[in-house]
2 protein chains.
Amino acid sequence: MIFKQLLEQDSCTYTYLLGCEETGKSVLIDPVVETVHRDLDVIRSLGLTPTYTLETHVHADHISSGVKMRALADTQIVVPKIENLPCADLGVEEGTVFEVGNIKIHPLFTPGHTGSHHAYLIENGMHTILFSGDALLIEACGRTDFQEGNPAQLYKSIQDKFFSLPDETLVYPGHDYEGRQITTILQEKQRNPRLMNNKSEADFIEIMNGLDLPYPRKIDFAVPANQLCGQCPDNIPEEYNGPCEIIYGDMKNYRKHGDQG
Amino acid sequence: MIFKQLLEQDSCTYTYLLGCEETGKSVLIDPVVETVHRDLDVIRSLGLTPTYTLETHVHADHISSGVKMRALADTQIVVPKIENLPCADLGVEEGTVFEVGNIKIHPLFTPGHTGSHHAYLIENGMHTILFSGDALLIEACGRTDFQEGNPAQLYKSIQDKFFSLPDETLVYPGHDYEGRQITTILQEKQRNPRLMNNKSEADFIEIMNGLDLPYPRKIDFAVPANQLCGQCPDNIPEEYNGPCEIIYGDMKNYRKHGDQG
């Protein structure tokens, strides 16, 4: 299997590329509109076909590249089924394996950051590998104060779905704001300040409700955009319009040239 | 492949267990005398046979369990060939794959922390995996002021042998003193204060020569012991004698009972 961990710098979002060497099929987990061209270049430079984009949840901090990727490269948009997004091509749910060529992806329903958040698990050689989305970050976790966020639910998702995995499970988070790339289940049990020392649900709820975080700078246009699988909305502020303009503006040229390379 | 990351708490040493599912053969990288019984229990509980112990270098901070493991479970002691240790059963060197059942281990000659340090590389599914020994730690590296340590050599080992690996390469260090389990090549390029921002050899040498570290508390008996593959020496201070006494004292019983379970 081919694997790349790709960073979108403005929102510190990690996009993960998984590619099946036998079939050439690929999936991008949580791709970002700003980096759609970079991601297509990476996929093609590795000899892979852009096949799917797969979301962990409706993001509030960046716009997905789902519809742009589909327009540019005929990918299919895959989202958690319970989100009921008409813009999506396929839905995934826990209990049903999503296959990308020979890669078997196990969705895990892990609400709490949002009401319909899913993480994705694969088995690869000596490791179980978790793409934890925003449900679990390195020494942190996603906030729980928007989008049907619920700290009690997030605590349960982490304890039941993640902390029951083997200690050595590799955890690739949806974001990191300090350049860290990876953690493990054991490391988060021992070092995550919101969970370490067997913190109770009550402890966790108190911590989450006391975070006093600023209002998310992109939420007012990112959530509506992502409910349309990344269609840039009309109300996007000028300072964030760049990526949408750039992408729509040069889409024609990109298709012509980009699809040849 | 079966994999376990095991901690010896007194020296914060990570011992790595790799097991071949097809043949049952196993190798312990850098096992520690204090945890020889724990490690044997783990190996056997996973249905594996204790087969090899493999050292990255002659350690100064703990005593290897090589000879104890061999006495208890008939394992073979494997060390870097250039160490010329008469106590060892096999030597490894860069350029020659060391096979443990179907597991292929690539030794990398990486001097600098000690004159004969080797790291070990395996390919597993979507990852290249580096067991970096003490040549590269998480946001740190092994000291270079004893045992033919040489900061210029260590800089070259890290740059040439490690930083030429793919960014996503998983790095399992020989120690961590803060409970961290894993890093990647990209993370160390970006966050290791001794290497980040493309530090030059001169920068690195200045940092290493300015560390002003205390004298290693076990070096006077650990190095002679490890030159005998972990044979506890006569000059071991009483406060550190426990593990050696315990192991020699109950070896007979352990063999009798332990080998049945």
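1. Helices (H or I, at least four residues) and strands (E, at least two) are DSSP runs, numbered from the N terminus. On that basis, Cys141(B) sits in the loop between β10 (127-133) and α3 (151-162) of chain B. With 26 C-beta neighbours inside 10 Å, Cys141(B) counts as buried; the label buried requires 20 or more other C-beta atoms within 10 Å of the residue's own, exposed means 12 or fewer, and partly exposed is in between, with C-beta atoms placed from the backbone. Not counting residues up to four places away in sequence, Cys141(B) touches Ala135(B), Leu136(B), Leu154(B), Ile158(B) and Arg194(B), where contact means that the C-beta atoms, placed from the backbone, lie within 7 Å. Cys141(B) and Glu21(B) are 120 residues apart in sequence, and their C-alpha atoms are 33 Å apart in space.

2. A note on the source. This is a predicted model, in which local features need pLDDT of at least 70 and side-chain atom pairs count only at pLDDT 80 or more, while totals for chains, interfaces and linings use all residues. Residues are numbered from 1 along each chain as its sequence is written, and chains are lettered from A and ligands numbered from 1 in the order in which they are written.

3. Chain contact. Chain A gives 19 residues to the contact and chain B gives 19 residues. On the side of chain A that touches chain B, β1 (2-8) and α4 (185-191) of chain A each supply at least two residues. By class, that side has 6 nonpolar, 9 polar and 4 charged residues. Here Ala, Val, Leu, Ile, Met, Phe, Trp, Tyr, Cys and Pro count as nonpolar, Asp, Glu, Lys and Arg as charged, and the others, Gly among them, as polar. Of the interface residues of chain A, 100% are also interface residues in chain B, so the copies meet through the same surface.

4. Domains of chain A. The assignment gives domain 1 (1-93 + 220-252) and domain 2 (110-213), with bounds from an automatic or database domain assignment. The C-alpha centres of domain 1 and domain 2 of chain A lie 22 Å apart. Between them, 17 residues of domain 1 of chain A are in contact with 20 residues of domain 2 of chain A. Strand β2 (residues 13-19) of chain A gives the most to the domain 1 side, with 3 residues. That side of domain 1 of chain A has 11 nonpolar, 4 polar and 2 charged residues.

5. Core. The largest nonpolar core has 122 residues, and those with the most contacts inside it are Leu130(A), Ile158(A), Tyr172(A), Leu130(B), Ile158(B) and Tyr172(B). Domain 1 and domain 2 of chain A both give residues to this core, so it lies between them. A nonpolar core is a set of buried Ala, Val, Leu, Ile, Met, Phe, Trp, Tyr and Cys residues joined through C-beta atoms within 7 Å. Beyond four places in sequence, the contacts of Tyr172(A) include Gln5(A), Tyr14(A), Tyr16(A), Leu130(A) and Ile182(A).

6. In helix α2 (residues 66-73) of chain A, 7 of the 8 residues are buried, so the helix is largely enclosed by the rest of the structure. Among them are the charged residues Lys68(A) and Arg70(A). In helix α1 (residues 36-45) of chain B, the buried residues are Val36(B), Asp39(B), Leu40(B), Val42(B) and Ile43(B). These cover an arc of only 160 degrees around the axis, which puts them on the same side of α1(B); the arc is that of the directions from the helix axis to the C-beta atoms.

7. Positive phi. Most residues other than glycine have a negative phi. Asp30(A), not a glycine, has a positive phi of about 55 degrees; Asp30(A) lies in the loop between β3 (26-29) and α1 (36-45) of chain A and is buried, with 26 C-beta neighbours inside 10 Å. Cys12(B) has a positive phi near 50 degrees and counts as partly exposed, with 15 C-beta neighbours inside 10 Å.

Notes. Two residues are in contact if their C-beta atoms, placed from the backbone, lie within 7 Å.
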